[in-house]
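This report looks at how two neighbouring parts of one chain meet. Please keep the structure in view while reading.

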Amino acid sequence: MKKYAYYLSCINEAMTKEVDKSLEQWEKDLDLELVKLEQGTCCGGSNLDYVNPDEFLVVNGRNIALAEKLGLDMVTSCNTCLLSLRRAKDELDRSKEKREMVNGFLKREDLEYTGKSAVKHLLWVLNEDIGLEAIAKKVKNPLKEYKVASFYGCHILRPSSLLGVDDPKAPKSLDQLVDVLGAKPVKYKSSNQCCGFHTLLVAEDESLRIAAAALDDAIKSGADYIVTPCPLCHTVLDGYQKKALDKQGIKGSIPVLHLSQLVGLAFGYTQKELGINRHLVS
Amino acid sequence: MTMPEVKEEKREITFRVYRFNPQIDASPFYDEYPITVEKGITVLRALNYIKEHIEPRLSFRSFCQAGICGSCAMRINSVSKLACTTQVWDELAFADRENVILVEPIANLPVIRDLVVDMDSVVGKIEKYFGWVESKMPENQMGKKEFNIAEAEFKLYDAATDCILCASCISECTMTKANKEYITPAVLLKSYRMEADSRDAVHDKRLGVLVSDNGVWDCTHCYRCMEHCVKHIPIMEAIHHIREDAVQKRGLSDTPGAKHAAAFVKDIEKKGRLVESLLPIRTNGLSWTVKNMLPMAFKMTKKGKTPPPPFMVKAVPGIENLRSMLKELKSRGNSNHHK
Ligand code: SF4
Ligand code: SF4
Ligand code: FES
């Protein structure tokens with residue numbers, strides 16, 4: 001049994017509920033136990049760190065300290081949460097002064113940040129902790145007829161100095177997983193590009209152009225599906241897909257799956273059980 | 001004892017090079033130059049060899065040959081980098097075709113010829129965003145008095161001064177690709193370097209331009225610039241510093257970008273969770289939201305995907321503790337550790 005503290009991401013609590021729903025279906029199949037951190041709070045979504053750097057450290061130091069209290073490493077299913085948490089961890093691990101500042105506050109909740117819990121993405125846990133071999137053994141429904149384009153998203157790749165599992169110029173962890181699940185990984189140029197999510201509300205036209213370029217590339221590569229480990233990327237690539245492609249006059253469409261859904265499909269769960277019917281593009 | 005014989009490693013490698021002379025060619029094309037290359041040779045030396053021995057018209061820029069002048073940036077196997085510091089041998093691992101190295105001009109700037117791009121727009125942006133220090137020292141004292149800065153201050157922008165304006169980061173930038181008017185990472189970095197300088201007299205004016213359209217709030221946070229910087233400058237830190245400065249000097253309701261950021265902070269303090277349903281309104285106001293979001297909101301509601309309304313977003317258990325911590329933190333004043 002592998003046990004982790006599971007960080008609840010705002011977006012998965014609201015718009016992309018299907019991420020955690022599908023993960024709940026199959027976690028036991030891999031002997032995985034994810035303890036939900038109900039008291040954890042929003043990571044700041046890559047905004048809090050510059051609006052109020054100290055608050056950013058207190059909030060995320062507290063999030064990680066909740067996992068430390070359980071004696072567990074922390075896992076998240078969102079790229080941006082991953083980067084926020086690791087960014088805070090890196091600052092706290094490097095500075096005694098900042099640790100003391102944060103711990104001064106955390107004392108009141110009987111929490112302490114020490115740095116002993118690792119912060120990982122679900123994709124890394126599958127690849128490294130559980131291992132592709134163990135996953136292969138659980139595949140009941142190899143996705144033989146699926147050609148799948150991996151879309152990694154930025155905050156699981158860059159900056160590599162804070163993440164460092166994949167080479168951002170030639171990432172492969174997601175493609176390897178696609179392969180083990182029996183599907184055919186499709187090579188295309190946009191797999192490590194940005195989806196445009198973080199400027200959707202500030203520079204919508206530009207964001208949609210960014211998304212359309214990646215979608216177009218995936219469609220042209222002949223892929224049947226895109227798979228992504230990030231619910232924010234999913235929100236753009238699925239939710240905004242029609243708007244993005246229409247604006248550029250691009251014909252065609254492509255369904256987008258969450259990482260947890262692709263695993264679920266290969267493990268034999270139904271589209272409904274995995275919440276695939278919740279997507280806008282089918 | 002005899003030393004093992006060291007054999008010089010040589011290999012035939014094909015350089016597939018982007019060619020384009022807009023005055024003659026209808027569209028760009030690729031030429032392939034197979035040459036024998038010794039281990040230890042840089043891409044720039046290989047290009048020089050091709051120019052000298054095979055195709056004298058092949059155009060590219062270079063000067064220092066030591067990674068200092070920034071003139072030889074190009075895309076090698078689709079990644080922007082300096083030709084003079086890139087080893088041919090190292091590139092073989094990234095080649096799409098065995099022993100073929102793809103060489104193209106950097107992206108997001110117009111091609112003048114082959115691998116040479118037009119940097120005028122970058123210079124124009126440096127002007128637009130006041131990429132220099134306008135001195136606080138009165139004219140009549142210039143040259144008579146030293147204008148010192150503290151070492152601690154210099155440390156803030158020490159890394160930013162390493163920039164050699166090679167434009168690799170511009171070539172890799174997501175937002176520049178989508179919008180050619182975007183300020184670009186190199187110019188953001190330069191502006192930050194000047195903003196942070198205490199000798200500077202035009203700080204507020206510069207900040208005003210930086211927060212306007214096509215400026216600092218348009219960055220998608222993709223970290224491509226920082227990942228690809230040939231001098232390993234943490235460009236995103238500079239972007240964060242400018243935003244932090246903008247929020248402190250101009251407030252949280254200054255621009256859609258600042259309002260967007262403010263929503264996260266307020267929600268964390270209030271509920272511990274983001275109230276996503278209100279984000280569009282808080283960032284851009286009601287009429288923008290109705291016009292831009294309504295059609296999609298209908299579809300999302302049908303799929304049960306709409307984010308819950310504010311009253312449905314339950315506060316995180318134990319939020320009172322966090323609230324009291326953050327309140328005290330505020331009363332102490334931000335230690336402002338970036339500055
Ligand atoms: S982080 Fe911002 S400036 Fe840097 S490459 Fe991405 S969009 Fe461009
Ligand atoms: S920031 Fe780095 S990559 Fe960009 S122009 Fe300067 S040295 Fe080149
Ligand atoms: S020739 Fe000067 S940096 Fe390459």
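This is a predicted model: local features need pLDDT of at least 70, side-chain atom pairs count only at pLDDT 80 or more; totals for chains, interfaces and linings use all residues.

Across the interface of domain 1 of chain B and domain 2 of chain B, six residue pairs are in polar contact, both residues being at pLDDT 80 or more; such a contact is a pair of N or O atoms within 3.5 Å in which, within protein, one must be able to donate a hydrogen and the other to accept it, while residues adjacent in sequence count only if both atoms are side-chain atoms.

Residues are numbered from 1 along each chain as its sequence is written, chains are lettered from A in the order in which they are written, and side-chain values use heavy atoms, with hydrogens and water left out.

The table lists the domains, whose bounds come from an automatic or database assignment.

| Domain of chain B | Residues |
|---|---|
| domain 1 | 10-113 |
| domain 2 | 119-249 |
| domain 3 | 267-337 |

In domain 1 of chain B, 16 residues are in contact (heavy atoms within 4.5 Å) with 18 residues of domain 2 of chain B. About 1200 Å² is buried between these two domains, with 54% given by carbon and sulfur atoms; buried area is the accessible area (1.4 Å probe) lost on putting two parts together, summed over both.
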